[in-house]
Amino acid sequence: MMHINWCERSFADIWIMYVHRRLWFIRLLHTIIWIFFNIVIGYMLYAVIANRLDTLLWVCYALVAAEGLILWLCGWQCPLTLLARRYSHSSKDNFDIFLPVWLAKYTKTIYTSLTMVILLLTLYRVLT
């Protein structure tokens, strides 16, 4: 095994390592937040199907609304995507998150549609 002398590394090598670590951390954080919102939306769907219109459901609605507001304020892009752009010129839809390309590409469409269905089911439960 070859010993690497950090003093002999070029600035470019060190910069590339720094950028890759930063991008990796952003991808990890973005994926954790994505998983969190899957749990939130999953609970919302469970709650309306089970007719459990409890406080947690309304907290979940507030979280989804806050996410929507943040996306709107950032031009319908996740702030972490905007941050990750500083460290990558990739045009792939999943450059900023640990998801398959197809899922990263359609995440907003899938979850917006699902949230609208949940909202309609909630309105039905509240009004009947």
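**Figure 1. Asn94 and its contacts.** Leaving aside neighbours within four places in sequence, Asn94 is in contact with Arg27, Leu99, Pro100, Val101 and Ala104 in this predicted model. You will find Asn94 in the loop between helix H3 (79-84) and helix H4 (101-127). Is Asn94 buried or exposed? With a relative accessible area of 13%, Asn94 is buried, because anything under 20% counts as such. One of its contacts, Leu99, turns up again in the view of the largest nonpolar core.

**Figure 2. The whole chain, for orientation.** The protein chain holds 4 helices and 0 strands, and its elements run α-α-α-α from the N terminus on. Of its 128 residues, 28% count as buried. The chain exposes about 9200 Å², and carbon and sulfur atoms supply 71% of that area. Among contacts between residues at least 6 apart in sequence, 64% join residues at least 24 apart.

**Figure 3. The largest nonpolar core.** In soluble globular proteins, nonpolar side chains tend to be buried together. Here the largest nonpolar core has 18 residues, and those touching the most other members are Trp34, Val40, Met44, Leu57, Leu99 and Ile118. Helix H1 (11-49), helix H2 (55-73) and H4 each supply at least two residues of this core. Which helix gives the largest share? That is H1, with 8 residues. A second, separate core of 9 residues includes Val19, Leu80, Tyr87 and Phe95.

**Figure 4. Around Leu57.** Now for a closer look at one member of the largest core, Leu57. Not counting residues up to four places away in sequence, Leu57 touches Tyr43, Met44, Ala47, Val48, Arg52 and Thr122. Among them, Met44 is listed with Leu57 as a core residue that touches the most other members, while Arg52 takes part in the salt bridge of the next view.

**Figure 5. The Arg52–Asp54 salt bridge.** How many salt bridges does the model contain? The count comes to 1. Arg52 pairs with Asp54, and the closest N and O atoms are 3.5 Å apart. Arg52 is partly exposed, with a relative accessible area of 39%. Asp54 is also partly exposed, at 23%.

**Figure 6. Trp58 and Tyr61, a stacked aromatic pair.** A search of the whole structure finds 5 aromatic pairs. One of them, formed by Trp58 and Tyr61, is stacked, with 5.6 Å centre to centre and 25° between the planes. It counts as stacked because the angle falls under 30 degrees. Both residues lie in helix H2, 3 residues apart, or about one turn of the helix.

Figure 7. Helix H4 gives the most to the patch, with 6 residues. Met116 is found in helix H4 and, at 44% relative accessibility, counts as partly exposed.

Technical notes:
Residues are numbered from 1 along each chain as its sequence is written. This is a predicted model: local features need pLDDT of at least 70, side-chain atom pairs count only at pLDDT 80 or more; totals for chains, interfaces and linings use all residues. Side-chain values use heavy atoms; hydrogens and water are left out. Buried means under 20% relative accessible area, exposed over 50%, partly exposed in between (1.4 Å probe, protein chains only). Contact means heavy atoms within 4.5 Å. A nonpolar core is a set of buried Ala, Val, Leu, Ile, Met, Phe, Trp, Tyr and Cys residues joined through side-chain atoms within 4.5 Å. Accessible areas come from the Shrake-Rupley method with a 1.4 Å probe; for residues, only the protein chains shown count as cover. A salt bridge is a side-chain nitrogen of Lys or Arg within 4 Å of a carboxyl oxygen of Asp or Glu. Rings of Phe, Tyr and Trp (its six-membered ring) pair if their centres lie within 6.5 Å; planes under 30 degrees apart count as stacked, over 60 as edge-to-face and the rest as tilted.
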